[in-house]
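Hi everyone, thanks for coming along. I'd like to walk you through one structure today, a piece at a time.

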Amino acid sequence: MEELERMTLTAPCLYDPAVEALIRPVGREVCYPANKVFSRPGDRLSGIYYILEGRTKHYMDNENGSVKLLYTLTKGWFFGETPLLLGLPTGLWSQTEEETRLCLLPYPQCSRLMGEHPPFRDALMRCLAHKTLMLRYETASLTFNSCKDRLKRLLCASVDPERETDPGWYELRVRYTHHQLGEIVGVARVTISRQLAELAGEGFLRTVNRRLQVNREQYHQYIGEKGKL
């Protein structure tokens, strides 16, 4: 399951009530509505963020407006640790995907918790390790796989095999826009539209009520060829 989550760049849940109990007394809680950009490239963070509830996405862009999603984080995750520990401004955009509650831990408090409480230190290291694995996967995917193959892998990773609509078609667990697919796959929206049209022409997918569905037979054939992803 973790391999599938890396394909959609959604991090697995790392919530640990013991770690959260250490964080709450020393952190400052902030709440943001959905789709709120709360950190931009060049910002100098005053602490490390911990996700109490909700979902955040973290991405890069360039001067041409192209966007590449690095990962999506959920309850129990830390972020902002790398720029803070290195003394650098952040290089990412951070945005909520739904209403989100965060806990901001000032760096002195983080240092104390790391020194005095091994569970906190271990949780922070797990976050860094999981992010490294996701970025390693993305590097391999962008290097060795075509745009169409990356898109097919993402769609197959998003399939819900328990939700078969008409016989022979699977629903997706996540409803993606073309823009979101482009962020994840790492190409422009117009390229995604063209690739989706090609996949539809090949019978791999279809659109019903503006929702993408994947052909059951081709899904099983594809994940079999890829070693079950």
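Let's start with T74, which sits in strand β5, residues 67-74. A quick word on naming: helices (H or I, at least four residues) and strands (E, at least two) are DSSP runs, numbered from the N terminus. Before going further, please keep in mind that this is a predicted model: local features need pLDDT of at least 70, side-chain atom pairs count only at pLDDT 80 or more, and totals for chains, interfaces and linings use all residues. Residues are numbered from 1 along each chain as its sequence is written, and side-chain values use heavy atoms, with hydrogens and water left out.

Back to T74: is this residue buried or exposed? With a relative accessible area of 15%, T74 is buried; buried means under 20% relative accessible area, exposed over 50%, and partly exposed in between, with a 1.4 Å probe and protein chains only. If we set aside neighbours within four places in sequence, T74 is in contact with A11, P12, C13, I51, G54 and R55, where contact means heavy atoms within 4.5 Å.

Next, the helix pairs. Two packed helices are described by the angle between their axes and the distance between the axes. Here axes are lines fitted to C-alpha atoms, for helices over the stretch in contact, and angles run from 0 to 180 degrees between N-to-C directions.

Take helix α4 (residues 107-116) and helix α5 (residues 118-144): their axes come within 5 Å and cross at roughly 110 degrees. That makes α4 roughly perpendicular to α5; angles under 35 degrees count as roughly parallel, over 145 as roughly antiparallel, 65 to 115 as roughly perpendicular and the rest as oblique. The crossing of α4 past α5 is left-handed, meaning the near helix is turned anticlockwise from the far one by less than a right angle, while clockwise would be right-handed. On the α4 side the contact uses C110, L113, M114 and E116, and on the α5 side P118, F120, R121 and L124. By class, that is six nonpolar, no polar and two charged residues. For the classes, Ala, Val, Leu, Ile, Met, Phe, Trp, Tyr, Cys and Pro count as nonpolar, Asp, Glu, Lys and Arg as charged, and the others, Gly among them, as polar.

Now helix α6 (residues 147-158) and helix α7 (residues 178-185), whose axes come within 10 Å and cross at roughly 110 degrees. So α6 is roughly perpendicular to α7, and this crossing is right-handed. C147, R150, L151 and L154 of α6 meet L181, I184 and V185 of α7, giving six nonpolar, no polar and one charged residues.

On to a sheet. Four strands form an open sheet in the order β9-β10-β12-β11, with antiparallel pairing; two strands pair if DSSP finds at least two bridges between them. At the edges are β9 (159-164) and β11, each pairing on one side only. From one strand to the next, the twist averages 45 degrees. Strand β10 (residues 169-172) is joined to β12 by three bridges, and Y170 stands opposite V214 in β12. Helix α9 (residues 216-225) lies across β9, β10 and β12, at about 65 degrees to β12.

Finally, some backbone angles. Most residues other than glycine have a negative phi. N35, however, has a positive phi near 65 degrees; this residue lies in the loop between β1 (28-32) and β2 (37-39) and is exposed at 55% relative accessibility. R210 also has a positive phi, near 65 degrees. R210 is in the loop between β11 (205-208) and β12 (211-215), and is exposed, with a relative accessible area of 74%.

Thanks, everyone!
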